[in-house]
Amino acid sequence: MNPVYEEKKQSLDFIEIAGDILKNARNELYLNMRFLDVALSSLAFLPDAQIRISGTDGSILYFQPDALVALFRRGRVSVNRQYLHSIVHCLFSHPFTGHGRDREYWNLACDIAAEYVIDGLQKKAVHLPKTALRREVYRTVAGEDSVVTAERVYRYLCGLHLVQAQLDMWKREFTADDHSRWEQEDSGQNRPTPRKQRWDDIRDRMQTELQTCGGEASEDLKSLEEQICAESRKRYDYKEFLRKFSVWKEEMQVDPDSFDYIFYNYGMSLYGNMPLIEPLETKEVQKVEDFVIVVDTSMSCKGELIRSFLEETYSVLSESEGFFRRIHVHILQCDDRVQEDVLVTNQQEMQEYMEHFTVRGFGGTDFRPAFARVQELLQRGCFTKLQGLIYFTDGYGTFPVKKPPYETAFVFMKEQYRDIDVPPWAIKLIIEPQELEEAADKGWTRR
């Protein structure tokens, strides 16, 4: 009998067996968690001798047949968790969002976040007792919050500066699949790749199903729902956000966009020193002019977070293209009443205000007094054209009933990701305390 033929036949048998193992794992996961139906069927299977057990690029689940069969011998639950681990990576965009990050820390952060989700499901098909190390890591990373995202774990790891021995121990505990097929470089222009977009759509659909499925949405799935809500929040450029409150107006500056060089050069060549057209001396620009910033100074808002919010807002507005030469910005501090109302009319006044900023208040929370003060200012003719109001708060307070005659945005400081009921006329921006400490180019978060 030909030994080469026998070796090939045995290899093909292992591939078929490994494929059946994955199919059975997919079926068992579906029977236990029907909301995963689309996600579970979104990866094609492909054998790969170079992969470590299994791994995915968002389209294909690569598997090493011998290693997968060996994992199956440890029990079906191990294979189920292996399969689900890769699915969770895709649902939370881990393979597509690691650009510019430390690769070792990012891989570990994604594995910790994925395992945290799986351990929180409490489903028989994926349940394994948590080790002492795993419980300790979850406790320190999550703190009082029930949501552990890869970004949050990554920031934690970067600040922790683990020694290599401890880092290796954590990797042995949480590493499950192979990340070598993940996207290594940015696709450019901040555009989502087709694979990422497809998984974003799957996640949005799954979020809807979890919120509407009723009986199946048991308590052990609430954590998963919060994780999905956290991941579904879209990164949003704060400069773009402020443009919602800007107006078009002419300023004294050359407008090269409206200048025709053909007529200019023709005149210079025909008459020597007489252009037929000159650049316009004014240009229409879109900037912030009349604006209101309100900060919640109740007991539940921390002073350092309020200061960080104002500094972040000031850093955007104080750029050369942010303000008109003449501005009219009211900064209100308000708890259950207006504690302070400061008018800023130029960048120098804004800088002086930030240098001497002191939190005033620390009472209850009521949003209505701030809107009443703005209405009073409008009636007194204090604004030329008020475009909008931004209210920084923790979200616990009484909202106005009627829609004001200007755009309104509530910026919520929340460590937990539960939705806050806001009036339908309000824009909602949700940030984490850690995000206030990051540079402006890291982006803010919007639902």
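Two strands count as paired if DSSP finds at least two bridges between them, and strands (E, at least two residues) and helices (H or I, at least four) are DSSP runs numbered from the N terminus. In this predicted model, local features need pLDDT of at least 70, side-chain atom pairs count only at pLDDT 80 or more, and totals for chains, interfaces and linings use all residues. Residues are numbered from 1 along each chain as its sequence is written, and side-chain values use heavy atoms, with hydrogens and water left out.

Three strands make up an open sheet, ordered 1-3-2, with mixed pairing. Strand 1 (44-47) and strand 2 (54-56) sit at the edges with a single partner strand each, so one side of each has no neighbour in the sheet. From one strand to the next, the twist averages 25° (axes are lines fitted to C-alpha atoms, for helices over the stretch in contact, and angles run from 0 to 180 degrees between N-to-C directions). Strand 2 and strand 3 (residues 60-63) run antiparallel and are joined by three bridges; Gly55 has Tyr62 of strand 3 as its bridge partner. Lying across strand 1, strand 2 and strand 3 is helix 4 (residues 76-91), which runs at about 20° to strand 2.

As for confidence, pLDDT (the predictor's confidence in each residue, from 0 to 100) averages 78 over the chain, and 70% of the residues score at least 70. Residues 320-324 stay under 50, yet the model gives them 19 contacts (heavy atoms within 4.5 Å) beyond four places in sequence. Residues 439-447 also stay under 50, with 37 such contacts. Where pLDDT is low, the predicted coordinates should not be read in detail.
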